[in-house]
Every structure is written in C-alpha cells, then in structure tokens.
Amino acid sequence: MPWLYSLCPSYAKPNTVRVCSSHKTNAVIRKIYSIQRTIRSSTSVRNKPLVTALAVAKSQGTMLRGIRAKASAPSSFLATEASILIAAISVAAILKSRKLFHQTYKIFFQAVIFECFSLLFMCTAYALYAHNGVGSPMLKYLSQICRQMAVMFFLLLLLLLSKGFTITRGRLSLFGITKLSLFVFFYAVISSSMLIWQERIFDPALVTYVSECLPAYIIAIMRIVAWLWFLRSVVITCSKYEQKKRFYTTFSFLMTFWFWSGPVVLVLANFVLDNWVREEVVNGVECAVVAYGFLVFLVMTWPSAANQNFPYHVRTTQVGDTNYPQNNYEVRYTTNGADVRIEGHGVDENSDQSSVQREDSSSSPEIRHIHKVVA
C-alpha cells in the first residue's frame with residue numbers, strides 16, 4: 001500500500017505512532033492502529049506487522065467462506081441421498097413381498113449406501129476443517145473411496161441391465177461375465193491409482209484436485225467406452241425382446257447424460273475453471289450427477305401400476321433359466337425333469353380369470369399329449 005507511506009512513513013512499525021500535521025491523516029492512522037490492535041488480540045497473528053496481519057485476516061475470511069461453500073453442497077446432497085435410501089428401502093420391501101427383489105436392485109441398494117457414507121464422511125471432514133483448520137484427511141480419503149465404489153457399482157448395474165440381466169435373462173454367458181469382470185477390475189485399479197496419485201505425486205504447495213491426474217482421464221475414457229458398450233447391448237436386447245423396447249429406450253436416453261457428465265465436467269474443470277474453485281464446482285457437480293442416476297433408476301423401477309416402464313416381470317423363483325419368458329404369468333409343467341411352458345396371456349395370477357386360463361391351458365391338446373406320454 002504505497003499511499004500509506006505518504007500518510008505516515010512509520011506505519012509498518014507496530015510499536016511506533018508518529019503524529020502528522022494533517023488532522024485527517026491522524027484520524028486515518030488511528031483507525032489503522034485500531035484495526036491492528038484488534039487483529040493482534042488473536043493468537044494466530046500475534047506480534048506480526050500490520051500488512052501481514054491484514055493479509056492473514058483477509059485470507060482466513062476467504063478460506064472460511066470457501067470451506068462453508070464446499071460443505072454446503074455435500075450436506076444438501078446428503079439429505080437427498082438419505083431420502084433416496086429411505087425410498088429404496090420401501091421399494092425393496094415391496095419387491096421382496098412380490099418376489100421381484102432381483103440382484104440388480106440389490107446392487108443399486110449397495111451403491112446408494114456407499115454414496116450416503118461418502119457424503120457423511122465428506123461433511124464431517126469439512127466440518128472439522130472449518131473448526132480447527134486441520135480437518136481429517138483420513139475421512140476425506142474414505143469419502144473419495146466410497147464415492148468411487150458407488151459409481152463403480154452403479155456402472156456395473158447399468159451394464160448388467162443393458163444385457164437384460166434379471167429382465168430378459170437369468171444368467172449371462174461365460175464370455176460376458178469375463179468381460180464385465182475385467183472391466184470392473186480395471187476400473188477399480190484405475191480409481192485406486194487416482195487416489196494414490198493424489199497423495200504421492202501431487203505437490204502439496206500447489207492448488208490441485210484429483211481430477212487433474214492421468215488416471216482421471218483414463219476413467220473418463222472408460223466411461224465413454226462403457227457408454228458405447230451399454231448402447232450396443234441395449235440394441236441387441238431390444239432386437240430380441242421387443243416388449244422391453246419402451247423401458248430400454250427411455251432408460252438409455254436418460255442414462256446417456258450420466259455417462260457423459262463425467263468426461264465433460266473433467267474437461268471443463270481442468271481447462272476452464274480456476275484452480276481455487278475447481279474442487280468446489282467438481283464436487284458439487286459429481287454429487288448432482290450421482291443423485292440424478294439414482295433418481296432415474298428409482299423412478300423407473302417404482303412398483304406402481306402407473307409405471308409403464310417397470311422392468312421386472314419375472315419372479316425370483318423363476319431365475320433358473322438362461323432366457324426369461326416374455327411375461328410374468330407363464331405356466332410351468334414338469335414331466336420327467338423337463339419344463340414345458342404355456343403362456344398365460346399376461347393375466348394376474350391372483351385373479352379368477354387366471355385360474356380359468358390355467359384350466360383351459362391344462363385341457364389343451366399339448367397338455368393332454370403330455371399326460372398321455374407320462375401315463
């Protein structure tokens with residue numbers, strides 16, 4: 001501040017007060033030293049020159065505002081994820097009572113739990129950092145690990161659904177299982193290396209974020225590859241089971257935004273945003289994208305009669321075959337260990353009409369022929 005030298009050359013000496021000729025100048029100097037005495041009452045800036053104390057106070061105020069901004073986004077999303085978890089628990093109870101609680105919904109349930117723990121650890125870490133200026137790096141690392149686990153589980157869920165698992169088929173081929181296992185394994189390895197890179201290679205003196213490392217770009221490329229794989233599997237599944245075309249069309253359209261959000265945000269954050277706002281913006285966008293994916297899946301699997309996109313139509317007691325029947329009301333007859341299927345034309349099993357149709361089907365020529373062979 002060069003203008004202070006013209007007012008009083010000894011302004012930087014903490015224990016010196018020089019009386020100047022101008023009354024207005026003396027008022028300014030008295031104001032400056034009043035501020036200095038107020039700042040010196042804090043132990044963190046005791047016995048420091050005025051300019052340093054003012055700079056420290058300004059930087060501390062800016063830091064606290066940044067910490068509050070960083071902590072506000074996870075806390076709001078924590079409430080959102082908690083609501084999603086409660087809704088998922090209620091839906092899981094309904095699906096279990098109807099014997100429709102498949103493995104894919106269990107994977108979704110695990111992803112939501114990991115995301116809730118991630119936000120809980122993140123909020124706790126930022127709260128401790130705002131309280132003592134040190135925080136808990138371990139909680140922050142646990143938050144990042146849980147976030148990566150939630151994203152990995154949800155990505156696996158999307159790939160399984162695109163192949164029709166628990167929707168049009170009961171099990172995948174050995175080649176398909178191998179490809180999925182390798183993809184998930186490499187995704188987990190790259191995610192772990194990203195966190196290790198942040199701890200071991202980043203310079204602590206620089207303002208950096210985990211999205212600036214090389215493994216983050218590899219994960220973005222893997223997200224795009226997974227999107228292409230997802231679309232290809234959806235096209236193949238829809239070509240074989242046209243009854244699920246409505247569900248897969250809506251599902252793939254909405255989930256395209258989830259796949260592409262990660263790479264787009266990565267590029268914008270690293271090449272457009274400033275260093276000191278990168279972590280805050282990226283963290284908020286990632287929380288929003290994860291919540292968006294969970295909400296889309298939760299709405300599309302909501303067990304309601306008004307939901308025309310409900311994907312599950314086969315009960316968990318019918319998961320023994322590689323390919324599922326086209327509807328949920330297929331009648332099974334067992335003769336000499338072989339299953340013979342007669343469709344029930346989509347009528348509710350609990351209704352009287354369903355029992356009439358089963359009696360009609362049992363009196364059909366095919367069933368009479370089976371009984372004759374068995375006799």
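Residues are called buried under 20% relative accessible area, exposed over 50% and partly exposed in between, with a 1.4 Å probe and protein chains only. The views show a predicted model, in which local features need pLDDT of at least 70 and side-chain atom pairs count only at pLDDT 80 or more, while totals for chains, interfaces and linings use all residues. Residues are numbered from 1 along each chain as its sequence is written, and side-chain values use heavy atoms, leaving out hydrogens and water.

**View A. Thr 166 in the loop between helix 5 and helix 6.** With a relative accessibility of 4%, Thr 166 counts as buried. Thr 166 is not a glycine, yet its phi is positive, at about 65 degrees. Helices here are DSSP runs (H or I, at least four residues), and strands are likewise DSSP runs (E, at least two), numbered from the N terminus.

**View B. Lys 99 in the loop between helix 3 and helix 4.** Lys 99, a residue other than glycine, has a positive phi near 60 degrees. Lys 99 is partly exposed, at a relative accessible area of 45%.

**View C. Packing of helix 8 (residues 245-271) and helix 9 (residues 275-300).** The two axes come within 10 Å and cross at roughly 175 degrees, the axes being lines fitted to C-alpha atoms over the stretch in contact, with angles from 0 to 180 degrees between N-to-C directions. Helix 8 is therefore roughly antiparallel to helix 9 (over 145 degrees; under 35 counts as roughly parallel, 65 to 115 as roughly perpendicular and the rest as oblique). Residues in this contact (heavy atoms within 4.5 Å) include Phe 251, Leu 254 and Trp 258 of helix 8 and Val 285, Val 289 and Phe 297 of helix 9.

**View D. The largest nonpolar core and the surroundings of Phe 108.** Such a core is a set of buried Ala, Val, Leu, Ile, Met, Phe, Trp, Tyr and Cys residues joined through side-chain atoms within 4.5 Å. Among its 67 residues, Tyr 105, Phe 108 and Phe 154 touch the most other members. The largest share of this core, 11 residues, is supplied by helix 5. Not counting residues up to four places away in sequence, Phe 108 touches Ala 88, Phe 154, Leu 157, Phe 294, Phe 297 and Leu 298.
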